[in-house]
Amino acid sequence: MTGVNVPALVVFVLFFLLVTVMGFLASRWRRAGDAAHLDEWGLGGRSFGTWVTWFLLGGDLYTAYTFVAVPAAVYATGAAGFFAVPYTIVAYPLVFLFLPRLWSVSRVHGYVTPADFVRGRYGSRPLSLVVALTGILATMPYIALQLVGIQAVLDVLGVGGGENANWFVKDLPLFLAFGVLAAYTYSSGLRAPALIAFVKDALVYIVIIVAVIYIPIRLGGYGHIFDTAAQHFKQTRAGSLTLPANKEWTYATLGIGSAMALFMYPHSVTGVLASKSRNTVRRNMAIMPAYSLMLGLLALLGFMAIAAGVGSGVKGYNSQLSVPQLFANMFPDWFTGVAFAAIGIGALVPAAIMSIAAANLFTRNVYKEWLKPAATPADETRVAKLVSLLVKVGALVFVLGMDRQAAINLQLLGGLWILQTFVAIVGGLFTRWFHHWALFAGWAAGMVYGTWKAYGIASPATKHFGGNAAEIPGIGEIGYIGLTAFALNLIVSVVLTLVLRAAKAPVGQDETRPSDYSAEAGDEERENAPEPVAAH
Amino acid sequence: MPSDHAPTTEPVMPEPAGTPVPAVTPERVLAGIALLVPIVAMLWVSSYNKTDPAAAGMPFFYWYQLLWVPVSAVFTVAAYLLINRDEKARKAARKGGAR
């Protein structure tokens, strides 16, 4: 890296200061109700309307790591990396079917996390616990990866420090960024990322629109970009402009599997439950694709990086740096600063929401359920705030202590793991047919099978966990391991439910009623609802 | 479907009488189809795994999928409107029955 890009750094720091101020002021934004209640800190008072939810979910789901990793995958492999586009296209129609039900039942019973729902629906503490732990486990590496996103930007800015820099100097900017993030998340809760998301999304839209118009003009048009990329792939044999025939299954299964996993992540659920009405959720499923369009355009930046010769001739070039480097090469310095601010703030928003979601899970489903059942709402809020700090420190240690590859591997695994909660959660939203022990066994089977399969995959970068696709038993095609594990999970759950039902095994108490699943804010059902039971 | 209710002490909310709306209505079916179309289109990878015809220099594979983003949004909006209509009808039927 040759020196520090001062104009870009100044712009970057200015934006960072702006969102820091907003983060602290956010605690006064739309404040209502009882500040000591977890609903306030952890769900923003369940008060967000359509637009706030749209910005919040957009800021939440389309993370800095996405911005860096999706074009990086296209840069490295071509068509195969484009699967993020069908993934996000499929996701919203799919979740349209069940998220409104999850919102309604959570509103009626005061559920804060998906594990709260599982507890109330099946009356099973062990099942609820594993759903909560899976959520925490899948979220931790995801937070760590947001740091990787910031690191990539800092490296290209020239403040990441060289290889020979003292580790403390090298990581000081990262410490600062995360320290500030931790402080305002602690004080403002979900309101902070909700407010900052406005800035983040606005910046991201501006940068992407400028990038997909301005960069192709400088590079001689899309035709030239794709021709160059085609030649590049012909020479390096690293990828291709269309999928090899044996990769079509992988592409489709990765798309649908990732889409199913997306709204099982605790931070997605937090974003959904924070909205004020069932209709807000539905409306958002119809307007979220605006972000998918942005993501698709962003993916094309990978080809532009190839055409611009980023990293060409450098052996073992870190493809994660390709897009930040492309921005630095193509844009005037001040606009590079804007682009990097978009990525940097793009890391802070999801990192805040993820740490809040993980803290909610721990507080509700581990602390209150197992450690201190008598905890008051004020206790819950206090614990959740502290845990949100711990989670961030953990992510920081993770990134600094372990290598970056480990974080990427674990994030891939996280998607696979979180998908294993789908049967219990989505199944439960429609039927009480499944037996909770059958779901537990299905979850365990999916987790073990998926992890074991992923362990056996080597890649040039890593000996284990080097990929996410393997042969699907019985079909013979190469498919996403997470989806295969999900299929196994479903089969085990169905078969064991049949067995347990035949054996008349006792079932837990279901505290929900059919009408809870279609309740809208302001409905009579809601007002008359009994005080939450499992919501303790 | 086997009964999915554990016995509870509190009485289950009386399901409203009156003109009940059946579980399967044309609105719900159409909404289901509208949601299914984009999913099927995207999972059918072999239908778009090719470079020609290109548009403005962009291979088919890419512009076709990008085009599906707004198209899928149109289908989801249609589903939203249909479900909204269906829920309004249900609510009206419930209110009518409760009197």
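Ile457(A) is partly exposed, because 18 other C-beta atoms lie within 10 Å of its own; on this scale a residue is buried with 20 or more such neighbours, exposed with 12 or fewer, and partly exposed in between, with C-beta atoms placed from the backbone. This is a predicted model, in which local features need pLDDT of at least 70 and side-chain atom pairs count only at pLDDT 80 or more, while totals for chains, interfaces and linings use all residues. Residues are numbered from 1 along each chain as its sequence is written, and chains are lettered from A, with ligands numbered from 1, in the order in which they are written.

Ile457(A) sits in the loop between helix H21 (436-455) and strand S1 (469-471) of chain A. Helices (H or I, at least four residues) and strands (E, at least two) are DSSP runs, numbered from the N terminus. Leaving aside residues up to four places away in sequence, Ile457(A) touches Phe465(A), Gly466(A), Gly467(A) and Ala470(A), where contact is taken as C-beta atoms, placed from the backbone, within 7 Å. Ala469(A) is 12 residues from Ile457(A) in sequence, and the two C-alpha atoms are 8.4 Å apart in space.

Turning to the whole chain, chain A has 23 helices and 2 strands. Its radius of gyration is 23 Å, close to the 24 Å given by the globule rule for 536 residues, so chain A is as compact as a globular protein of that length; the radius is taken over C-alpha atoms, and the rule is 2.2 Å times the number of residues to the power 0.38. The C-alpha trace of chain A spans about 65 × 55 × 40 Å along its principal axes. Of its 536 residues, 59% count as buried. Among contacts in chain A between residues at least 6 apart in sequence, 83% join residues at least 24 apart.

The largest nonpolar core holds 211 residues, and Ala299(A), Met304(A) and Ile345(A) touch the most other members. Such a core is a set of buried Ala, Val, Leu, Ile, Met, Phe, Trp, Tyr and Cys residues joined through C-beta atoms within 7 Å. Helix H17 (residues 333-371) of chain A gives this core its largest share, 20 residues. Beyond four places in sequence, the residues touched by Ala299(A) include Val70(A), Pro71(A) and Phe82(A).

Finally, the contact between the chains takes 36 residues from chain B and 40 residues from chain A. On the side of chain B that touches chain A, helices H1 (26-43) and H2 (60-98) each supply at least two residues, and H2(B) gives the most, with 15 residues.

Terms used
Contact = placed C-beta atoms within 7 Å.
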